[in-house]
Amino acid sequence: MTIAGRAAVPGIAALLLGIGVPAAAGINTWTGHGLEGGNVIALVIDPTTPSTLYAGTRGGGAFKSTNGGGSWSAVNAGLTDLRVAALAFDPVTPGTVYVGAAGD
């Protein structure tokens, strides 16, 4: 699944998981609820734990959420290129996620 912008990720995760995403707004106030890695290029949902998501970004690397997209952590250990183009779960070993980078 390809996502055009990072603001859509929590909403899409919520849609796929059937949960609501809280929204907060105020006068002259921005509240970030997404990841800070650039545009989201790829998104995968853990087939054994649907609340665990992985997002690949254009320039910020890969990110993981264990709460349906409510918060994100970078998971870039071993990546030599942070321009993630694709993500996939190993069908034989479900705990393994493959990251395809644009350059390496």
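Which residue of β3 is the bridge partner of Leu53? It is Ser65.

1. **Basis of the model.** This is a predicted model, in which local features need pLDDT of at least 70, side-chain atom pairs count only at pLDDT 80 or more, and totals for chains, interfaces and linings use all residues. Residues are numbered from 1 along each chain as its sequence is written, and side-chain values use heavy atoms, with hydrogens and water left out.

2. **Overall make-up.** Helices (H or I, at least four residues) and strands (E, at least two) are DSSP runs, numbered from the N terminus. The order from the N terminus is α-β-β-β-β-β-β. Of the 104 residues, 32% count as buried. Buried means under 20% relative accessible area, exposed over 50%, and partly exposed in between, with a 1.4 Å probe and protein chains only.

3. **Surface and contacts.** The accessible surface of the protein chain comes to about 6,000 Å². Carbon and sulfur atoms hold 58% of that surface. The areas come from the Shrake-Rupley method with a 1.4 Å probe; for residues, only the protein chains shown count as cover. Among contacts (heavy atoms within 4.5 Å) with a separation of 6 or more, 34% join residues 24 or more positions apart.

4. **The sheet.** Four strands form an open sheet, in the order β1-β2-β3-β4, with antiparallel pairing. β1 and β4 (73-74) stand at the edges, each with a single partner strand, so one side of each has no neighbour in the sheet. Two strands pair if DSSP finds at least two bridges between them.

5. Strand β1 (residues 40-45) pairs with β2 over five bridges, in the antiparallel sense. Val44 has Tyr54 as its bridge partner in β2, and Ile45 has Leu53. On the β3 side (residues 61-65), β2 again pairs in the antiparallel sense over five bridges. The hairpin of β2 and β3 has three residues between the strands. There, Gly59 takes a positive phi near 115°.

6. **Burial of β2.** Five of the five residues of β2 (residues 53-57) are buried, so the strand is largely enclosed by the rest of the structure. Both faces are covered. Leu53, Ala55 and Thr57 lie on one side; Tyr54 and Gly56 lie on the other.

7. **Thr52.** Thr52 sits in the loop between β1 and β2. Its relative accessibility is 9%, so Thr52 counts as buried. Leaving out residues up to four places away in sequence, Thr52 touches Val44, Ile45, Asp46, Lys64, Ser65 and Thr66.

8. **The aromatic pair.** The structure holds one aromatic pair. Tyr54 and Phe89 form it edge-to-face, at 5.7 Å centre to centre and 75° between the planes. Tyr54 lies in β2 and Phe89 in β5 (residues 84-89), so the pair ties together parts 35 residues apart in sequence. Both residues, Tyr54 and Phe89, are buried. Rings of Phe, Tyr and Trp (its six-membered ring) pair if their centres lie within 6.5 Å; planes under 30 degrees apart count as stacked, over 60 as edge-to-face and the rest as tilted.

9. **The salt bridge.** The structure holds one salt bridge, meaning a side-chain nitrogen of Lys or Arg within 4 Å of a carboxyl oxygen of Asp or Glu. Asp81 and Arg83 form it through their side chains, at 2.7 Å, N to O. Asp81 counts as buried, at 9% relative accessibility. Arg83 counts as partly exposed, at 43%.
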